[in-house]
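The structure is shown below.

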Amino acid sequence: MKTLMCRVAAVAVLASPIAQAQNAEIAATVTDERGKPIADAVVIAVPADGSLRLPAKAPDEVVDQVDKEFLPKVQAVLVGTPITFPNRDSVRHQVYSFSPAKHFELPLYSGTPQAVVFDKPGVVVLGCNIHDWMVGYVYVSESPYFGKTDADGKTVLANLPPGAYVARVWHPQLAGTEEATRKTVDASRGRRTAVAWALSLKPEVKIRRAPAAGQRGGY
Amino acid sequence: MDFPSRPGCRSSAVPRARVPALFVLGLATALHGAGARADWELGASAGAFYDDNLTRAQNPADKRAAGAASAQASAINFHPFTGSDSGTLTLYARGELFSRYTGLGNAVAGATAAYRHKFGVGALAPWISVSAGASYDDYRDDLRTSTRVDVRAEAGRRFSEDLDASVGVYYERRYDDNGEPVVPGISGKVFDLAGQGAFVRAGYSPTNELYIDAKAGVRRGDVESTSQRNFQIFIASSAIAADPVWGDPALFAYRLRGTTWTGALTGSYALSNQSSIDVAYNYGFTQAAQGLEYTTHAVYLTFIYRH
């Protein structure tokens, strides 16, 4: 799963090993303003000339429900990717999203329902109508060149055709706009280009899951 | 006792001990049928509390205060019927040990069944719930040993991730089969109580760990107050019994009609998704017939774990 998260989705763009060896890489590092690594940040690179070459069919991805949480909490996919939502819990879930990028609802289910195709770029916020505290995110990228940072705040976008890119970053708690994080990156042939972001994050506000005591009192 | 006898007092002699047993049996059957698609959780809590007016007395000389330790174990079965409807069945057992008044020590076994409906999809959709509960409360002092049943209805909604509120009404009944009359013609079942009430509550999370819940309510119905012999209270009471829990001087328990205003403030600090430490303050002010008024203050410290 971690491999899946960190890889670049451009699986079908380049074919030959020679061509791959000549491709470029962007090594992204995302931290907060104090330099602390930020995990689950999605880094997207778009060719500056707008020449996107999308694969014919994006591979399926998975967002599990384990112990009444979405796993992974942040899933980055290429536009057009089908995602399945297997329920690994004993209790049934009802996954939904009201996000403009994908409005859907999977009626109460166990097991694995039919995949949902995420056909519009943007951020999709996931919820469960049974367990209100469950929140997950699907970042639907319009570019095949993207990755998600690990616990060290790092990800590598590999197999990029050499050239200029506009790179940006998104995170569920990003304080500003995604557009404000844009950077132009010159990804040279056969080289790894380092890019770093220091983001300002909003506090995470979650619906409480922990139990609380009932109130008592005699008369 | 040399209280004058007085007609028209209520007495309930119907045995009620089977009520919670049948209720628990019914719930167990329902739980068995719930199958693997339901969610089982086990809960445990332990804590302590202090109540400054356990006797619910007006006069300072009659007030008795004490601290107690409490513990509870529960099994909770959550079962979504549809995306909008769910049921929760809870079986629990709890006990309390008081520092000074051993007769107040108790062991309780009970069950609650609740149904909840959500009007729509999403965390902010409004909801309603109805519940029914029953318990058998076995006190070391038999006077308080009783069966309780209650029904509740509540409606609420979440306004944001960190703010929610609800309003509710309830009816509760406590059946006392043990109170012995001390005055001819007047029931001794002082803990045979019925009442109904309404409440409003709101919860706010200033941080992801801290949750603050504020609740205000009013209840109309029977109340029990303990004092030394008091003619005014006697005139207003519908049941009287000697209450040996408190030792000397001898106190008597009275059942009266009254209105109670309550307020509660709870701060709950989440240690994890499964556990929390709660601190609560409860306030109560009761007005009953013949000018009887009493206030209660209680503080609770509880550790809660759920798995």
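## The second largest pocket

The second largest pocket holds about 1,100 Å³ of space. A pocket here is an open set of points on a 1 Å grid over the protein atoms alone, where a 1.4 Å probe fits and protein lies on both sides within 12 Å along at least five of seven lines; lining residues have an atom within 4 Å of a point. Its lining has 44 residues, and the closest to the pocket centre are Lys73(A), Val135(A), Tyr137(A), Glu204(A) and Lys206(A).

Four strands of chain A give two or more residues each to this lining: E5 (69–71), E8 (95–99), E11 (122–128) and E12 (135–141). Strands are DSSP runs of at least two residues, numbered from the N terminus. E8(A) gives the largest share, four residues. By type, the lining divides into 23 nonpolar, nine polar (Gly counts here) and twelve charged residues.

## A sheet of four strands

Chain A has an open sheet with the strand order E13-E2-E15-E16 and antiparallel pairing. Two strands pair if DSSP finds at least two bridges between them. The edge strands, E13 (145–148) and E16 (183–187) of chain A, each pair on one side only.

Strand E15 (residues 163–170) of chain A is joined to E16(A) by five bridges. Opposite Thr184(A) in E16(A) stands Val166(A).

## Basis of the values

The model is predicted: local features need pLDDT of at least 70, side-chain atom pairs count only at pLDDT 80 or more, and totals for chains, interfaces and linings use all residues. Residues are numbered from 1 along each chain as its sequence is written, chains are lettered from A and ligands numbered from 1 in the order in which they are written, and side-chain values use heavy atoms, without hydrogens and water.

Terms used: Grid points are joined across faces, edges and corners, and a volume is the space filled by probe spheres set on the points.
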